[in-house]
Amino acid sequence: MQQLEIFQIESPCIGVCQAGPRGYCLGCYRSREERLHWVKLEDEVKSKIVKACALRKKRAFARKRSQDSLSVDTPTQGSLLD
């Protein structure tokens, strides 16, 4: 049996409408198609998209942390003239 949504699912948009390197919005982590068709989607689909966006955001922050830690741990060679 499908659970009824009591409240309308709001758009996860936070006003940072800019595509990242993987094609997802850097603000809400939705794909272009998810943003484009949001108003036409059923609440069940919107709910799945919101959950997927949370996972995308978590993965993006994990990638950024691992890249930051690599850049901190990796020594850079200085100039011979310094």
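Quick housekeeping. Residues are numbered from 1 along each chain as its sequence is written, and side-chain values use heavy atoms, with hydrogens and water left out. Since we're on a prediction, local features need pLDDT of at least 70 and side-chain atom pairs count only at pLDDT 80 or more, while totals for chains, interfaces and linings use all residues.

Okay, the overall picture. The protein has 2 helices and 0 strands; helices are DSSP runs of H or I with at least four residues, strands are E runs of at least two, and numbering goes from the N terminus. Of the 82 residues, 18% count as buried, and buried means under 20% relative accessible area with a 1.4 Å probe, protein chains only.

Now Tyr29. You'll find Tyr29 in the segment before helix H1 (32–36). Most residues other than glycine have a negative phi. Tyr29 counts as buried because its relative accessibility is 12%. Then the pocket. Which residues lie nearest the centre of the largest pocket? They are Pro21, Arg22, Tyr29, Ala60 and Arg63, out of 15 lining residues. A pocket here is an open set of points on a 1 Å grid over the protein atoms alone, where a 1.4 Å probe fits, with protein on both sides within 12 Å along at least five of seven lines; lining residues have an atom within 4 Å of a point.

Last one, Lys46, in helix H2 (residues 43–73). Lys46 is buried but has no salt bridge, and the nearest side chain of opposite charge, Asp43, is 4.2 Å away. The salt-bridge cut-off is a side-chain nitrogen of Lys or Arg within 4 Å of a carboxyl oxygen of Asp or Glu; Lys and Arg count as positive, Asp and Glu as negative, and His and the chain ends aren't counted.

How values were computed. Buried means under 20% relative accessible area, exposed over 50%, partly exposed in between (1.4 Å probe, protein chains only).
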